[in-house]
Amino acid sequence: MNARPDHNPDQPPATDSPAYVRVRGVRTVLGGKTIFDGLDLDIPRGKITAVMGPSGTGKTTLLRHITGQLPVDAGEIRVDGRNLAELSRNQLFELRETIGYLFQNSALLTDFSVFENVAFPLRQHLRLPEEIVRNIVLTRLQAVGLRGAAELMPAELSGGMARRVALARAIVRDPGLMIYDEPFVGLDPIALNQVLKLIRTLNDTLGITSVLVAHEFAAVRRAADWVYLIAGGKVAAQGHPEELAERDSPWTRQFFGGEADGPVPFQYPARDYAADLGFQAGGA
Amino acid sequence: MSQARKQLAIGDALAQVGAAGLFLFSILAAIPGSLRHVRETLRQIWFVGAMSLVIIMTCGLFVGMVLSLQLYYTLAKFGGTAALGTVVALSLFRELGPVVTALLFAGRAGTSITAEIGLMRATDQLSAMEMMAVDPLAYVVAPRFIAGVVAMPLLACIFNALGILGAHAVGVSWLGLDNGTFWGNMTANVEVWSDLVNGVWKSAAFGAVVALIATFQGYTTPPTSEGVAYATTRTVVSSSITVLALDFVMTAFLM
Ligand SMILES: Nc1ncnc2c1ncn2[C@@H]1O[C@H](COP(=O)(O)OP(=O)(O)OP(=O)(O)O)[C@@H](O)[C@H]1O
Ligand SMILES: [Mg+2]
């Protein structure tokens, strides 16, 4: 991929960069609304990178770009050195086999039991003896504390349990890149702690590169090596979580301080409030 | 409806037909990939077939009985009641079997396919499959499409068989037609190839049409509960119209 025949000698040849995911100049328009405009970021190999930002800022959209579910309107995304725009559907599927993705809404297959949901990626791509499938699936379920729930159907799970099953499914094939879209939502403090530890362990012991989208700064602080704060279609701030929390910029102050007023509007763009409620400007 | 809105609606409908046509090509392209999921395909054939079996059998029986009554009355005017078996069999094999089965199939299996795929879309299950490098066209859509094409002719045959039984019950047991005349006249005049097999072709085509519309509506539904409900309705309406229109065309060519 690097050895392009039309390589320009005036520019340094692309070196094997440490970034697993490289996002350059991405522009995205969805339903007439500009979500990203010139977004640049790198997800370093073997690290946990958190992506934070106000709701509706495009975090899930970014993850959909990175996994090739949604093409960008402009710019380039490289995952593991490969330009997503140049991949055929088969190549994209090959790439996805190395990516674990935790959906924001779990997205378990409702026809299958918890066990079969976790076994699904194994059964679809590998011909393993049943015994081995069973062992792999049960270890993953054990890691999220749900080995006892293996025979339940998704409809019988609570929201937090479903998220943990989805997590077990996402890690079942030992991916090189793990993407977590809000893994902590709906978890009680005990489960949250366990999931947090799991994310850290996967990263420390298996060297999995992780992208973590989350709103809980306390948790992000304990897990992430680097934080991107996305707002207004760009990276508004980035840094080590400790350092970022200390930093005195309007973005970070508002975001971590939770103030409604600041550069990030709390309100979705709307008409004038008073006019919407039927009051004349100036009042009667 | 104003002129402009009428034009818009017609344009919309045409765009849907075009999109469904393209969808057919992507299904056909996904069929080789779906061969890996033979078990899923067999499961769908069983499921779609078993689901519609009771309603198909009941309706077949009643249609045969009514047909027998009506035709007996008509044939009696010409003194030709001996032909009852033949006329019933021909109407069923050539026309009513494939068409009524297709309409029932659309209402029973088609709606359920649409709702199922639509809900999978709405709850991100299709995206989840894509992310697990499993093509939903090959794993979800193609097996259901194949199931429609395979199950419909089988169901139509069952419909026909039950229809003949119903006609026999009314014509012979109730109206007193001679049993030997009923069967003898029928077997002498019904051709296997031109009558029976033509009907099978028809019903395979109808199965393809209903399954295409059902999967297309489910796959492209807006991911909301309203979207799924609306798509389900559209499956019945579009399948019924398409089946009846196609029936005319096929009959004209197969005659
Ligand atoms: N298919 C779509 N069509 C039009 N707009 C869309 C579509 N999908 C998302 N959007 C818009 O894109 C923006 C970003 O959505 P996204 O889901 O990426 O937000 P998010 O940062 O993940 O928010 P949250 O933290 O609430 O999950 C939202 O304003 C949303 O309205
Ligand atoms: Mg999101």
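Which residues does Thr28(A) touch, not counting residues up to four places away in sequence? Keep that question in mind while you set up the view, because the model is a predicted one, in which local features need pLDDT of at least 70, side-chain atom pairs count only at pLDDT 80 or more, and totals for chains, interfaces and linings use all residues. Residues are numbered from 1 along each chain as its sequence is written, chains are lettered from A and ligands numbered from 1 in the order in which they are written, and side-chain values use heavy atoms, with hydrogens and water left out.

**Stop 1: Thr28(A)**

Select Thr28(A), which lies in strand E1 of chain A, residues 19–30; helices (H or I, at least four residues) and strands (E, at least two) are DSSP runs, numbered from the N terminus. Now show its contacts, meaning heavy atoms within 4.5 Å, and you will find that Thr28(A) touches Lys33(A), Thr34(A), Ile35(A), Phe36(A), Thr61(A), His65(A) and Asp73(A). With a relative accessibility of 1%, Thr28(A) counts as buried, a word that stands for under 20% relative accessible area, whereas exposed stands for over 50% and partly exposed for what is in between (1.4 Å probe, protein chains only). The side chains of Thr28(A) and His65(A) also make a polar contact at 2.8 Å; such a contact is a pair of N or O atoms within 3.5 Å, and within protein one must be able to donate a hydrogen and the other to accept it, while residues adjacent in sequence count only if both atoms are side-chain atoms.

**Stop 2: ligand 1**

Next, select ligand 1 and the 14 residues that surround it, of which the closest are Lys33(A), Ser55(A), Lys59(A), Thr60(A) and Thr61(A); a residue belongs here if one of its heavy atoms lies within 4 Å. A polar side-chain atom of Lys59(A) lies 2.7 Å from an oxygen atom of the ligand, and a polar side-chain atom of His215(A) lies 3.1 Å from an oxygen atom of ligand 1. Taken alone, ligand 1 exposes 630 Å², and the protein buries 66% of that, with accessible areas coming from the Shrake-Rupley method with a 1.4 Å probe. Strand E2 (33–44) and helix H1 (59–66) of chain A are the elements that give two or more residues to the shell around ligand 1, and H1(A) gives the most, with three residues.

**Stop 3: helix H2 of chain A**

Move on to residues 89–96 of chain A, which form helix H2, and colour Leu92(A), Phe93(A), Leu95(A) and Arg96(A), which are buried. These residues lie on the same side of H2(A), because they cover an arc of only 160° around the axis, an arc taken from the directions from the helix axis to the C-beta atoms. On the other side of H2(A), Asn90(A) and Glu94(A) are exposed. If you then show what covers the buried residues of H2(A), the cover includes strands E4 (74–79), E5 (82–83) and E6 (99–102) of chain A, together with helix H4 (125–131) of chain B.

**Stop 4: two more residues**

Select Ala218(A) in helix H7 of chain A, residues 217–223, where Ala218(A) counts as exposed at 58% relative accessibility. For a contrast, go to Asp247(B) in helix H8 of chain B, residues 225–254, which is buried with a relative accessible area of 7%.
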